[in-house]
Amino acid sequence: MSTPQIEAFLEMMAVERAASPHTLAAYGRDLADAEAGVEGGLMAADEQAVETWYAGLGVRGLSPATQARRRAAVRQFYRFALGEGWRGDDPSRRLDAPKQGRSLPKSLSRDEIERLLAAAAARDGAAGRRLVALVELAYASGLRVSELLALNLEAVRRDPAFLIVRGKGGKERLAPLNASAREAVKAWLSARDAARKPETPDSPWLFPSPAGRSHLTPRRFAQLLDQAAIDAGIDPARVSPHVLRHAFATHLLEGGADLRVVQTLLGHADIGTTQIYTHVAVDRLTQTVREKHPLARDR
């Protein structure tokens, strides 16, 4: 359920804040839920109506993270409504954020990354080279899956040592490519070029969809990773495109990288988002000491 006011808000988010299609879709769903659930609708609601709707989110079984996101969407909408003069008050001002523990990101060990790459490389032909290139790029550069799959073909044709990536909010950053990732991309480009029919226009995407009209979808990449994980003897529930980004950050910190550098490479606006990886790295280092140090072993 949408309204002209919600549509105007989403248009503002797209134009003025460069919100991604994924973010706009999430805001649209959250505001549609509020519009349907708040008595009288968002534009006519009072504080009691908004608070009653918000309290009902937990009763419906929504997670604290989802509740927090819907609260944020509604609060931003009402700020926009105030600025536009549509309302003279903000009925969401007393909504408290739900308490939620911050879960640690899933990651993979270096050995598991190697096994995953070996399983991908064992696939025949262009499909195997494409999957190796996808995994190598994600792990070498810490790209978000949306950034990875939207890479332009011309961006890698000249074998660059860095990619210029446009991340959240339209902000650009440099993403490094190590020698292994660059070799994997070269192998994929060779297979990609060989498979293309001369009369068929070349796709502008580095990883085009089978039809060539768009790029590979996140869902398809996740499916390919699931099969590679099974072949590698890894629980596929532990593997996803985003887990490769987690592994990139965790392994950098384990190797002694500065937290600010990792923040920059990941494209995080807030270093607090990056700091959660330090817990994963410390936990893993502690476990290594317990297992490998002679005085830490159980006697």
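Let's start with two helices, α5, which covers residues 110–121, and α6, which covers residues 125–141. Please keep in mind that we are looking at a predicted model. The axes of α5 and α6 are 7 Å apart, and the packing angle is about 155°. How do the two run relative to each other, roughly parallel or roughly antiparallel? An angle over 145 degrees counts as roughly antiparallel, so that is the description for α5 and α6.

Now find the residues that touch. On the α5 side we have R110, I113, L116, L117, A120 and A121. On the α6 side their partners are G128, L131, V132, V135, E136 and Y139. Sorted by class, this contact has nine nonpolar residues, one polar and two charged.

Next, please turn to a second pair, α2 and α4. Helix α2 spans residues 21–37, and helix α4 spans residues 64–84. Their axes are 9 Å apart, and the angle between them is about 85°. Angles from 65 to 115 degrees count as roughly perpendicular, so α2 is roughly perpendicular to α4.

Which residues meet here? From α2 come A26, Y27, D30, L31, D33 and A34, and from α4 come R69, R70, A73, V74, Q76 and F77. This time the classes are seven nonpolar, one polar and four charged.

Let me stay with D30 and R69 for a moment. Side chains of opposite charge can pair when their charged atoms come close. D30 and R69 form a salt bridge, with their closest N and O atoms 2.8 Å apart. Where do the two partners sit in the chain? D30 belongs to α2 and R69 to α4, and they are 39 residues apart, so the pair links distant parts of the chain. How many salt bridges are there in total? The count comes to 21.

If you want to locate L174, look in strand β2, residues 172–176.

Finally, let's zoom out to the whole chain. It has 12 helices and two strands. Following the sequence, the order reads α-α-α-α-α-α-α-β-β-α-α-α-α-α. As for overall dimensions, the C-alpha trace spans about 70 × 60 × 35 Å along its principal axes.

Note on methods
Residues are numbered from 1 along each chain as its sequence is written. This is a predicted model: local features need pLDDT of at least 70, side-chain atom pairs count only at pLDDT 80 or more; totals for chains, interfaces and linings use all residues. Side-chain values use heavy atoms; hydrogens and water are left out. Axes are lines fitted to C-alpha atoms, for helices over the stretch in contact, and angles run from 0 to 180 degrees between N-to-C directions. Helices (H or I, at least four residues) and strands (E, at least two) are DSSP runs, numbered from the N terminus. Angles under 35 degrees count as roughly parallel, over 145 as roughly antiparallel, 65 to 115 as roughly perpendicular and the rest as oblique. Contact means heavy atoms within 4.5 Å. Ala, Val, Leu, Ile, Met, Phe, Trp, Tyr, Cys and Pro count as nonpolar, Asp, Glu, Lys and Arg as charged, and the others, Gly among them, as polar. A salt bridge is a side-chain nitrogen of Lys or Arg within 4 Å of a carboxyl oxygen of Asp or Glu.
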